[in-house]
Amino acid sequence: MQKKKFFNTRDLVAASLLIALSIVFARMFSIRVSDALRLSFADTPIILAGILLGPWWGLLVGALADVVGFM
């Protein structure tokens, strides 16, 4: 029985696309309700990464989306 590799090309490309989607959703598709409240769909790609790719990929996508989005 073969063990699945963690870093295969398919998962890496999917994670990078989900990181990019998260950044775009946070910057472009957010609705400012008031000065203190903003509704955003930025968490949707992170949740999808956790469901489709696994919890470690979800953690990695969330962390990298925050770091890259901050820069």
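1. Helix α1 (residues 9–27) packs against helix α3 (residues 55–70) at an angle of about 45°, and their axes lie 9 Å apart. That makes α1 oblique to α3. (Angles under 35 degrees count as roughly parallel, over 145 as roughly antiparallel, 65 to 115 as roughly perpendicular, and the rest as oblique.) Axes are lines fitted to C-alpha atoms, for helices over the stretch in contact, and angles run from 0 to 180 degrees between N-to-C directions. Helices (H or I, at least four residues) and strands (E, at least two) are DSSP runs, numbered from the N terminus.

2. This is a predicted model: local features need pLDDT of at least 70, side-chain atom pairs count only at pLDDT 80 or more, and totals for chains, interfaces and linings use all residues. Residues are numbered from 1 along each chain as its sequence is written, and side-chain values use heavy atoms, with hydrogens and water left out.

3. Who touches whom between α1 and α3? From α1, the contact (heavy atoms within 4.5 Å) includes Asp11, Leu12, Ala15 and Arg27. From α3, it includes Trp57, Val61, Leu64 and Phe70. The residues of this α1 and α3 contact divide into 11 nonpolar, 2 polar and 2 charged. (Ala, Val, Leu, Ile, Met, Phe, Trp, Tyr, Cys and Pro count as nonpolar, Asp, Glu, Lys and Arg as charged, and the others, Gly among them, as polar.)

4. Now α2 with α3. Their axes are 6 Å apart, at an angle of about 155°. The two helices are therefore roughly antiparallel to each other. Ile46, Ala49 and Gly50 of α2 meet Pro55, Trp57, Gly58, Val61 and Gly62 of α3. That contact has 5 nonpolar, 3 polar and no charged residues.

5. How do α1 and α2 cross? Their axes come within 7 Å, at roughly 160°. α1 and α2 are therefore roughly antiparallel to each other. Leu18, Leu21, Ser22 and Phe25 in α1 meet Pro45, Ile46 and Ala49 in α2. By class, the α1 and α2 contact has 6 nonpolar, 1 polar and no charged residues.

6. Last, the largest pocket. On a 1 Å grid over the protein atoms alone, a pocket is an open set of points where a 1.4 Å probe fits, with protein on both sides within 12 Å along at least five of seven lines; lining residues have an atom within 4 Å of a point. The largest pocket is lined by 14 residues, and Ser22, Ala26, Arg27, Ala42 and Asp66 lie nearest its centre. α1, β2 (38–40), α2 (43–52) and α3 each give two or more residues to this lining. The lining divides into 7 nonpolar, 3 polar and 4 charged residues.
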